[in-house]
Amino acid sequence: MYGLTDERWIKNNNQICNSEKKVLLTFDDGPSRQLSKILDILNEKNIPAMFFWHSNLLFKERPWKRVLEEGHIIGSHAVNHKNLAKLTKDQQYKQIKYSIDKIEEITRTKVRYFRPPFGQYNEDTISILYELDLVPVMWEITSFDWENKSTPENIINNVVEHVQDGSILLLHELKQTVTVLPQIIDGIREKGYEFTLL
């Protein structure tokens, strides 16, 4: 189960390098229909980001090539949104390995990063990630964008008011997130932060 105290998961970029006045933007649950709009905003604002994708949503027709060409990173979020902690080790392995294989097959780019659906995992998950040489990535600050469809201002506040050096920020490829993404980016920059990647 997700916990801020488990140091095996990267939740803040300072665990890897000095990230004074830098934060990391991540998007889960894609690639979705909102992806092109998100990429447009990131391109306009000159922001790099990480995308954690479900391989069952990744088709050759999706704009995955643009994601890589514009300097973003694609990580795995398993095949679909199943709670890995409720699966056997063999089932978890298939969820993780198949997702990596499919993303790499389509993008021709090695997948290095993994984030579990719901942030849920157990020791089997950790063992599989080490076996597959994957870097476990969580988050430090969540936008709760999936809960705030009718109150988008809360999405902004959840991120901007809590950001700190090295924070990994959790957002999703949702309509309401697209709506407030420019304000989130501007609010973070107004506090003196810039954006980086792992």
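Me: Why are Lys94 and Glu105 of α3 called exposed?

Reply: Exposed means over 50% relative accessible area, buried means under 20%, and partly exposed lies in between (1.4 Å probe, protein chains only). Lys94 and Glu105 are in the exposed class, so each has over 50%. This is a predicted model: local features need pLDDT of at least 70 and side-chain atom pairs count only at pLDDT 80 or more, while totals for chains, interfaces and linings use all residues. Residues are numbered from 1 along each chain as its sequence is written, and side-chain values use heavy atoms, without hydrogens and water.

Me: What makes α3 a helix, and how does its reach compare with the expected span?

Reply: A helix is a DSSP run of H or I with at least four residues, numbered from the N terminus. With 19 residues (89-107), α3 meets that length. The expected span is 1.5 Å times one less than the number of residues; α3 reaches 27 Å from its first C-alpha to its last, close to the 27 Å expected.

Me: How do you know where the buried residues of α3 sit around its axis?

Reply: They include Gln92, Ile96, Ile103 and Thr107. The arc is taken from the directions from the helix axis to the C-beta atoms. Here the buried residues fall within 165°, so they line one face of α3.

Me: What covers the buried residues of α3?

Reply: The cover includes β2 (50-53), α2 (64-69), β3 (73-76), β4 (113-114) and α4 (123-131), with contact meaning heavy atoms within 4.5 Å.

Conventions. Helices (H or I, at least four residues) and strands (E, at least two) are DSSP runs, numbered from the N terminus.
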